[in-house]
Structures are given as structure tokens and as C-alpha cells.
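Me: I would like to learn how to read this structure, feature by feature. Can we work through it together?

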Amino acid sequence: FLLFFLVSALKEQKEFQKVAFDFAAKEMAPHMAEWDEKEIFPVETVRKAAQLGFGGIYVQPDVGGSGLSRLDTSIIFEALSTGCVSTTAYISIHNMCNWMIDTFGTEEQRHKFCPSLCSMEKLSSYCLTEPGSGSDAASLLTSARKKGDTYILNGSKAFISGGGDTDLYVVMCRTGGPGPKGISCLILEKGTPGLSFGKKEKKMGWNSQPTRAVIFEDCAVPVANRLGEEGTGFNIAMKGLNGGRINIASCSLGAAHASVLLARDHLNVRKQFGELLASNQVTSSCDSLSFRLAEMATRLVAAPLMVRNAAQALQEGREDAVALCSMAKLFATDECFAICNQALQMHGGYGYLKDYAVQQFVRDIRVHQILEGTNEVMRMIVARNLLQA
């Protein structure tokens, strides 16, 4: 029975993967460069993705979610990212917000917010980072003062994906004293008086999703929109980020996958010194382009193993899940950036031209080593886990 279950699950994962690859190839890849160049947020495309169940991948089915596992989710995001990393990364952030409401919300909150998030009729943003608190998220200053049946929210958030264009903002704010235990989580709806946005940031990559500061000036948020109990917001935020790290690592895998294929194809058509680059063997130094391609492919096989192991640990609620998620994010984002960068190098001068997709993969995944906790913070989490074991 167990063997049958495992085989059945594997077949289902291959189907999810195929659907995601096909969507990436047909609906995303042909537009990736235009979305980047013109800074277009492809809302209609992400809503098409939601029709395939990608708006609430690991959200429960009773509120419109697909009810899939973290491992399934990783496989889907890896495949989607071969078509456009930036757009897939936004979808992953939206999924994280949706999951947080589904997991920590009341039944009323789940049924109020999740269905429209799963269909992506409404889009969401995760609001943790502030101008003065990035890696040190527990020092955030945005405050919410309780007044009757509302909270009066004041402060600002920085680098918010989707900011200004999305409908729901999952906001971490201080309702109590200093430190993580004074933080709560509120769901803020667009159109709330006092909610405003900074200018659209000009970025190196991730240009198919807008990034703005989100500003709160005496925003009245119903107490009914608090997610979880007062003082549990930091824990909710961190649990969301554990999955977010797997998601972003998976987006990096897709970029590296696409870049290896682009490098392979380039080596098979480009000639130098009268022969194809693929035939250029420098065996004395073991540094031929084909050897480098082999090394890239080898690292691309290793990285998903770490990510999928962490995804499984998170799904099972294992004690080592946090450390494994941090390791996977650290390893996969570093390795995949190196793979994409090497693929660009193998293109020579052509790789630096925007006519060639490889440069966009390099630009889009560079930020993965920074967001969802910088890779320096990932090292800190892993080291702390080891020293306390």
C-alpha cells in the first residue's frame, strides 16, 4: 500500500510539474523580456495561473486552495520560474500570505479572505521589512494602538512586493513592548483611509512586480482583522518565512535550470576558431566550456535535493525544519546565482545583451540572496542551531 501511495504521489507531482512547465513556456517566457523592460505587472497572467490552482497551492481546499504539499509547491515554483522568475516570485509571496491567513486565521477570516486570494481576484503583499529594520525584524517600529474595536496603525514598510497594486496587506506591527513578543499581525485592506504608498522603486531585477514603500497614517483596522492573538505576530511572520525561503530557493532552481539549457544551446551553435564552442576541449587544464557545463548541471542536481528535503521536513513539522529551510535557501540561492552567472559568461558578449534571456535570469535571482532573510542571516540561523544542539 505504501509503495502504491508513493508511486501515485510521484505521478501527481510529475503532472503538476508538466502543467507548470507548459504554462511557463506558453504564457510567461514569450513575455518575460517585455514585462522586464516595460515594468509590467502581468495581473491577467497570474490570474490565469490561479485558474490552474497556483494562487493557493498549499492552502486548504475548503477555501479554494489546492491543498498540496510543500514539496509539490517547490516543484511547481521551480517549473514556473523557467518562464519568468520575477512573476513567479510574486506568486510565491502571494501564496505565503494566503497560507498565513488560512493557517492562523479564524474560520470567518479564512472564508472572507482566502477564496478571492486563491483565485487571485485579489492580490496580497507581505509587510515586515521597515526602513530601519531589515535583518533585525524584531526591532520593527510600526505601531498599532487599540481603540475600541479597532487598531490605529502608524508607521511604514519598505521594499514591499506588489505595494500599491495589491489588495490585502499582511502587516507586522507593534501592539506591545519591545522585542518579538510585542508584535502582532493585522490584515489591512486597500482603500483604508490613511494607507498610502511611496514611489515605484527602480530595481536591478524583479521588474515585473512593483515594489514600493507602504505608509500607514492613523489607519483604522478592525480588531476582527487581527491574525492570531496579540503578541503572536512575529511567530506568524517567521513561520511564513520558513516556507517563503523554500519558495524563493525553488524560484532560483528554475532560473538555473533555464540558464543551463540556454548555455547548452549557445555552445551548440556558436563557433570560435573554426569549431563549435561545445567541441572546445582543453583537457590539459580540465577547463573546457563543456566541462563547466557539466559542473553547472551537477550543482543543479544537488541544489534541488536540499530544497526538497527541507520542504519535506517543513511539511512534517520536524524539529530541524527551520535549520534545513535556512540551509536550503542559503545553498540553492548561492549555487543557482553562480550557475546563471557562469551561463552568462559562457555566452560571452552576447550574454550582456538584453536580447539574450540569460542576463535577465542573472538580474532577477540576485535578490534571492538578500530577501526572505539575507544569506548572512541564514548562516547565523544554521550556526545557532548547531551550537544549541
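This is a predicted model: local features need pLDDT of at least 70, side-chain atom pairs count only at pLDDT 80 or more; totals for chains, interfaces and linings use all residues.

Me: How many residues does helix α4 have, and what span does it reach from its first C-alpha to its last?

Reply: Helix α4 covers residues 70-81, twelve residues in total. Its span is 16 Å, close to the 16 Å expected at 1.5 Å a residue.

Me: Which residues in α4 are buried?

Reply: First, the general idea. An α-helix has 3.6 residues a turn, so residues three or four places apart point the same way. Now the case here. The buried residues of α4 include Arg-70, Asp-72 and Glu-78. Leu-71, Ile-75, Ile-76, Phe-77 and Leu-80 are also among them.

Me: Which residue caps the N-terminal end of α4?

Reply: Ser-69 does. One of its side-chain oxygens lies 3.3 Å from the backbone nitrogen of Leu-71.

Me: Arg-70 belongs to α4. Which ring does Arg-70 lie over?

Reply: The face of Trp-99, at 4.6 Å from the ring centre. Trp-99 also belongs to a cluster, where ring pairs link it with Tyr-58 and Phe-104.

Me: How do I read aromatic pairs, and how many are counted?

Reply: A pair of aromatic rings is described by the distance of the centres and the angle of the planes. The count here comes to five aromatic pairs. One of them joins Tyr-169 and Phe-197, and it is tilted: 5.6 Å centre to centre, with 40° between the planes.

Me: Where do Tyr-169 and Phe-197 lie?

Reply: Tyr-169 lies in strand β4 (residues 168-174) and Phe-197 in strand β6 (residues 195-197), so the pair ties together parts that are 28 residues apart in sequence.

Me: What geometry does the pair of Tyr-350 and Tyr-356 have?

Reply: That pair is tilted too, with 5.5 Å between the centres and 50° between the planes. Tyr-350 is partly exposed at 33% relative accessibility. Tyr-356 is partly exposed at 29%.

Me: Let us turn to the backbone. What is the phi of Phe-159?

Reply: Phi of Phe-159 is near 60°, a positive value in a residue other than glycine. Phe-159 lies in strand β3 (residues 150-161). Phe-159 is exposed because its relative accessibility is 62%, and the cut-off is over 50%.

Me: And where is Trp-206 found?

Reply: Trp-206 is in the loop between β6 and β7 (211-222). Its phi is also positive, about 55°, although Trp-206 is not a glycine. Trp-206 is buried, at 6% relative accessibility.

Me: Which residues is Met-296 in contact with, leaving aside neighbours within four places in sequence?

Reply: Val-260, Ala-263, Ile-339, Gln-342, Ala-343 and Met-346.

Me: Where does Thr-45 lie, and what does it touch?

Reply: Thr-45 lies in helix α3 (residues 43-51). Thr-45 is buried, with a relative accessible area of 12%. Not counting residues up to four places away in sequence, Thr-45 touches Phe-23, Glu-27, Met-28 and Trp-35.

Me: One more residue. What is Ile-215 in contact with, leaving aside neighbours within four places in sequence?

Reply: The contacts of Ile-215, with those neighbours left aside, include Gly-155, Ser-156, Gly-194, Leu-195 and Phe-197. Ile-215 has its place in strand β7, and it is partly exposed at 27% relative accessibility. Gly-56 is 159 residues from Ile-215 in sequence and 27 Å away in space, C-alpha to C-alpha.

Definitions and conventions
Residues are numbered from 1 along each chain as its sequence is written. Side-chain values use heavy atoms; hydrogens and water are left out. Rings of Phe, Tyr and Trp (its six-membered ring) pair if their centres lie within 6.5 Å; planes under 30 degrees apart count as stacked, over 60 as edge-to-face and the rest as tilted. Helices (H or I, at least four residues) and strands (E, at least two) are DSSP runs, numbered from the N terminus. Buried means under 20% relative accessible area, exposed over 50%, partly exposed in between (1.4 Å probe, protein chains only). A charge sits over a ring if NZ of Lys or CZ of Arg is within 6 Å of the ring centre and within 35 degrees of the ring normal. The expected span of a helix is 1.5 Å times one less than its number of residues. A polar contact is a pair of N or O atoms within 3.5 Å; within protein, one must be able to donate a hydrogen and the other to accept it, and residues adjacent in sequence count only if both atoms are side-chain atoms. Contact means heavy atoms within 4.5 Å.
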